[in-house]
Amino acid sequence: MKYDAIVIGAGLGGLTAGAKLAKEGKRILLIEQHSIPGGCATTFRRKDYIVEVGLHELDGLDRRDSKNRIFQDLDVFNNVEFIRVPEFYRYVSPRVDIVVPDDYKKAIDILIERFPHEEKGIRKFFKVIIGFRNEVNKLPRGKWKLIILFPVFPILYPNIMFRENHTLAKLIDSNIKDEDLKLVLLANIGYYHDDPYTMSLFYYSVGQGSYFSGGGHFIKGGSQKLSDYLAEVIRNNSGEVILKHKVTSIITENDRAVGVKYLKKTG
């Protein structure tokens, strides 16, 4: 069988890519070794409970969020319900107990109230991470546009231009002195990494800035609902989704991928 594209793995990345390509008229084959699509965006049952594997909430969905364009194109919002989570996270230690909201303006006010001596650093922290997130979402498409914009690139995209290779720790340590505040700001670093001294500030800011700009959303019924819907989009647009099959190798000819070999999994 010939296909325009073969997608290996039915995580959200593979599902979204496959759904977009299938809807645009490409013949798609998606191969997944698990018995269900979704990767970390899956659920399982234990007695009366539905348990999330990984994606317990989805960030963003505000007007600046690039996911909106993809979700609208795939009609996700009319088929999957998203429920806004009331706050971002709570940090508790012997000295501090604080709930951090998912609105960065409210978060700034609450953190300054608790750590008034760090007001300047708090404002700088949020300015940078929200700035990164906004700059990424307004980047033009196409290299020719970037060439035309290059003379004003440092003005339009100062964080990307000057902080692209910085670590998260560099931002924190250069602006915050209070160790408790550092821990509060880093409370959910496990979403992204385990070490602020090697954590990319760019990568962290895009994700964290999305939560602080658009909040977190729980997928009603669990993340499996989103994964199943994206797989359905592929099937409804003449694509194929094969589960319980593992790709063993990629076939190449003249340094070009032309197919895959895969085996059916047992058990």
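**Exercise 1.** In this predicted model, determine which residues ring pairs link into a cluster.

*Solution.* Tracing the ring pairs gives a cluster made up of Phe88, Tyr89, Phe125, Phe126, Tyr191, Tyr192, Tyr203, Tyr204, Tyr211 and Phe212.

**Exercise 2.** State how many aromatic pairs the structure holds, then classify the geometry of Phe71 and Phe77.

*Solution.* Step 1: the count of aromatic pairs in the structure is 14. Step 2: for Phe71 and Phe77, the ring centres lie 5.7 Å apart and the planes meet at 70°. Step 3: planes over 60 degrees apart count as edge-to-face, so the Phe71 and Phe77 pair is edge-to-face. Step 4: Phe71 has a relative accessible area of 7% and is therefore buried, whereas Phe77, at 34% relative accessibility, is partly exposed.

**Exercise 3.** Classify the aromatic pair of Phe132 and Phe202, and explain which parts the pair ties together.

*Solution.* Step 1: the distance from centre to centre is 5.2 Å, with 25° between the planes. Step 2: planes under 30 degrees apart count as stacked, and the Phe132 and Phe202 pair is accordingly stacked. Step 3: Phe132 belongs to helix α4 (residues 119-137) and Phe202 to helix α10 (residues 201-214), so the pair ties together parts 70 residues apart in sequence. Step 4: Phe132 is buried, at 0% relative accessibility, while Phe202 is partly exposed, at 22% relative accessible area.

**Exercise 4.** Identify the ring over which the charged end of Arg114 sits.

*Solution.* The ring is that of Phe115, and the charged end of Arg114 lies 4.8 Å from the centre of this ring.

Note on methods: Residues are numbered from 1 along each chain as its sequence is written. This is a predicted model: local features need pLDDT of at least 70, side-chain atom pairs count only at pLDDT 80 or more; totals for chains, interfaces and linings use all residues. Side-chain values use heavy atoms; hydrogens and water are left out. Rings of Phe, Tyr and Trp (its six-membered ring) pair if their centres lie within 6.5 Å; planes under 30 degrees apart count as stacked, over 60 as edge-to-face and the rest as tilted. Buried means under 20% relative accessible area, exposed over 50%, partly exposed in between (1.4 Å probe, protein chains only). Helices (H or I, at least four residues) and strands (E, at least two) are DSSP runs, numbered from the N terminus. A charge sits over a ring if NZ of Lys or CZ of Arg is within 6 Å of the ring centre and within 35 degrees of the ring normal.
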